[in-house]
Every structure is written in C-alpha cells, then in structure tokens.
Amino acid sequence: MLRPLVMVSIRVPRPSSPQASHRLRRTRQKDTSAEVHVRRELHRRGLRYRVGYKVMSKPRRVADIVFTRQRLAVFVDGCFWHGCPLHGTWPKNNAEFWRDKIETNRRRDRDTNRRLSEAGWTVVRIWEHESPREAADRVEHMLNELKGDAAQRPGQAPDTEESSYVGSVGNDKGSREGGGRPRAGPTGGGEA
C-alpha cells in the first residue's frame, strides 16, 4: 500500500538585506578556502586522500577529506555554521531560525562522530580558523597513530607508505605529482 506524500513547509525567513542574501548565495558548501588550504598542506607533505567521500549511506554523511585505508574522516567545520566556541556568532536578525539551524548542525556533527566511531572510523574535526599547518599536523599525527595500531595487530601486515595514496599520477619513472618519490616494489624502479 502506497502512502501519500506529505509536504512539510519549512519557514525560511526573508533575508535581512540584499547584501545578506548575496553573501549567503555565495557561501560555498564544499571546497571552502579552509578545506583547500588544509588539503594543499596535506598534499605538500606527500599525503594522498579522497575529497568529498561518502563515509556513510544511511544517514548520508560525506567527509571533507578521507584516508580510506586508515578509516580516518576529516571534517573542516565553518565557525559560523557549526557554532565555533571562539568565533561563532548568533545573528540578531532571524535569530530563532539561525539558532535552530546552527544547533541542528551541531547535533548532526555529534551524531556523525558517534556513528562513524561505532563503525570503526576515526574522526578529526578542524575549525576553519585553525592554521592549515597545525591542522595538517593533527591529521598526520592521527594517521601515524592509526598506521602504528595497524602494524601492531596480529595477523595483519603493516600498511606501507603506498597505502595513503589514492592513485598514482606521474611519469614513466614512477614519480608522484607533488611528491616526486619513486614507487617502491615491483611496479616501479625506486628503492624497495
């Protein structure tokens, strides 16, 4: 038996000014400057990752940066949208709408952290105001911890450096874009 669709109307308040409307339209949901800066720093360090990767299907959750082999999901949260304790602001215009929106984002973040943790993932959350270098330090430290844990598990081979690479891009000599390291092992020249 098919159930009838019920349409729920969500009251979206009118923008307080044309400038506010323009600002909100221009706000990016992915590839924000904070995300791009962190990704560049991670790439500069030779780390390879997935971008905008779906880590859960139901409910759908997409992480900004993901290291699939180590099951590390990185989220770069905007100070306004996720209620940063240092820089988050509470708008005076349409205050009830924005408070509800930001609190809903916070609840979803906590739920995501819990669900991913239960599924065996490690979550790193980065605020947009954090220095890309410090954020990359935290991510790299966590990756090293996770790689160390994997190496210590009985019956499992430790991950190699190759495991953090999503794919290889380079010339015939096996160099990687940005890293310039030769491939190890049977496929590529380089040191074994």
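1. A residue counts as buried here when its relative accessible area is under 20%. By that cut-off, 32% of the 192 residues of the protein chain are buried. Keep in mind that this is a predicted model. The accessible surface of the chain comes to about 13,400 Å². Carbon and sulfur atoms hold 50% of that surface.

2. Start with the overall layout. The protein chain has 4 helices and 4 strands. Along the sequence their order is α-α-β-β-β-α-β-α. Next, look at contacts between residues at least 6 apart in sequence. Of these, 52% join residues at least 24 apart.

3. Arg48 sits in the loop between α2 (33-44) and β1 (50-56). Is Arg48 buried or exposed? Its relative accessible area is 9%, so Arg48 counts as buried. What does the side chain of Arg48 reach? It reaches the backbone oxygen of His43, at 3.1 Å.

4. Tyr49 belongs to the loop between α2 and β1 as well. The structure holds 5 aromatic pairs. In one of them, the ring centres of Tyr49 and Phe67 are 6.0 Å apart. Their planes meet at 70 degrees, so the pair is edge-to-face. The cut-off for that label is over 60 degrees. The pair links distant parts of the chain, since Phe67 lies in strand β2, 18 residues from Tyr49.

5. How buried are the two partners? Tyr49 has a relative accessibility of 15%, so it counts as buried. Phe67 is buried too, with a relative accessible area of 2%.

6. Ring pairs also form a cluster. Which residues does the cluster link? They are Phe80, Trp81, Phe97 and Trp98. Find these four side chains in the model and view them together.

7. Two arginines lie over aromatic faces. Arg99 lies over the face of Trp90, at 3.9 Å from the ring centre. Arg125 lies over the face of Phe75, and there the distance to the ring centre is 4.3 Å.

8. Now check the backbone. Most peptide bonds are trans. Lys58 and Pro59, however, are joined by a cis peptide bond. Omega there is about -10 degrees. Where is Pro59? Pro59 lies in the loop between β1 and β2 (61-67).

9. Phi angles come next. Most residues other than glycine have a negative phi. Arg71 has a positive phi of about 55 degrees, although it is not a glycine. Arg71 is found in the loop between β2 and β3 (72-77). Its relative accessible area is 32%, so Arg71 is partly exposed.

10. Asn94 also has a positive phi, and it is not a glycine either. The value is about 55 degrees. Asn94 is placed in the loop between β3 and α3 (95-118). With a relative accessible area of 29%, Asn94 is partly exposed.

11. Begin at Arg48, with its side chain reaching the backbone oxygen of His43. Go on to the edge-to-face pair of Tyr49 and Phe67. Then see the cis bond between Lys58 and Pro59. Finish with Arg99 over Trp90, and Arg125 over Phe75.

Methods: Residues numbered from 1 in each chain as written. Predicted model: local features only at pLDDT ≥ 70, side-chain atom pairs only at ≥ 80, totals over all residues. Heavy atoms only, no water. Helix = DSSP H or I, 4+ residues; strand = E, 2+ residues; numbered from the N terminus. Buried < 20%, exposed > 50% of the residue type's maximum accessible area, 1.4 Å probe, protein only. Polar contact = N/O pair within 3.5 Å; in protein donor to acceptor, adjacent residues only side chain to side chain. Contact = heavy atoms within 4.5 Å. Areas by Shrake-Rupley, 256 points an atom, 1.4 Å probe, with all protein chains shown as cover. Phe/Tyr/Trp six-rings, centres within 6.5 Å; stacked < 30°, edge-to-face > 60°. Lys NZ or Arg CZ within 6 Å of the ring centre and 35° of its normal.
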